[in-house]
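Let's walk through this structure together, one neighbourhood at a time.

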Amino acid sequence: MSPRSAEASRKTKETDIAVSVHVDGSGKSDISTGVGFFDHMLDQLSRHSLIDMTVRAKGDLHIDDHHTVEDTGIALGQALAKALGDRRGIMRYASIDLAMDETLTRAAIDVSGRPFLVWNVSFSSPKIGTFDTELVREFFQALAQNAGITLHVTNHYGANNHHIAETCFKAVARALRTALERDPRQPDAVPSTKGSLKG
């Protein structure tokens, strides 16, 4: 089977980003975005999806973290879409309820080629340290849009904002891991009655 690996880059007046992904990896990551909390979350995404990731991002952090986080999501989504090709042989669907201490979050995924995000997550504070909590949604919006996946994320409950954010990343990671697994019962088939998962 051909390796499911790809690279993507994005350079604008606001950011300069280069990423690589290896879908059939072991969860190794090499992340540097200049945003400490975001690096921690991307490390969780890699570790629990088993997608090897390298991310190098330089952004206009003197303004805020927004462009760096969003554009990293764009580049990661584009790399993931390239690595998956025609999405032949994947399981396609997955969902998980993921617990972390007092917090429970669900992620459900359809690797459909049709990007869509449903986001039912709220935070009780605008910040986790210096990180804007609203950027968690912005990252997943960019990732879903550019990877071509339908993604639903719902936080059932939780008190600690760090835990809420972290369960979002871990739940999406675990759902991706299952959805992108090769299906041994139809390894050469595109899992769609349309015969295509290109949108």
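Leaving aside neighbours within four places in sequence, Asp132 is in contact (heavy atoms within 4.5 Å) with Pro126 and Lys127. This is a predicted model, where local features need pLDDT of at least 70, side-chain atom pairs count only at pLDDT 80 or more, and totals for chains, interfaces and linings use all residues. Residues are numbered from 1 along each chain as its sequence is written, and side-chain values use heavy atoms, with hydrogens and water left out.

Asp132 sits in strand 9 (residues 131-132); strands here are DSSP runs of E with at least two residues, and helices are runs of H or I with at least four, numbered from the N terminus. Why does Asp132 count as buried? Its relative accessible area is 16%, and buried means under 20%, with a 1.4 Å probe and protein chains only.

Now for the rings. Six aromatic pairs occur in the structure, a pair being rings of Phe, Tyr and Trp (its six-membered ring) with centres within 6.5 Å; planes under 30 degrees apart count as stacked, over 60 as edge-to-face and the rest as tilted. Phe139 and Phe169 are stacked, at 5.4 Å centre to centre and 25° between the planes. This pair links distant parts of the chain, with Phe139 in helix 3 (residues 134-147) and Phe169 in helix 4 (residues 161-179), 30 residues apart. Both Phe139 and Phe169 are buried. Ring pairs also join Phe38, Trp119, Phe139, Phe140 and Phe169 into a cluster.

Terms used
Buried < 20%, exposed > 50% of the residue type's maximum accessible area, 1.4 Å probe, protein only.
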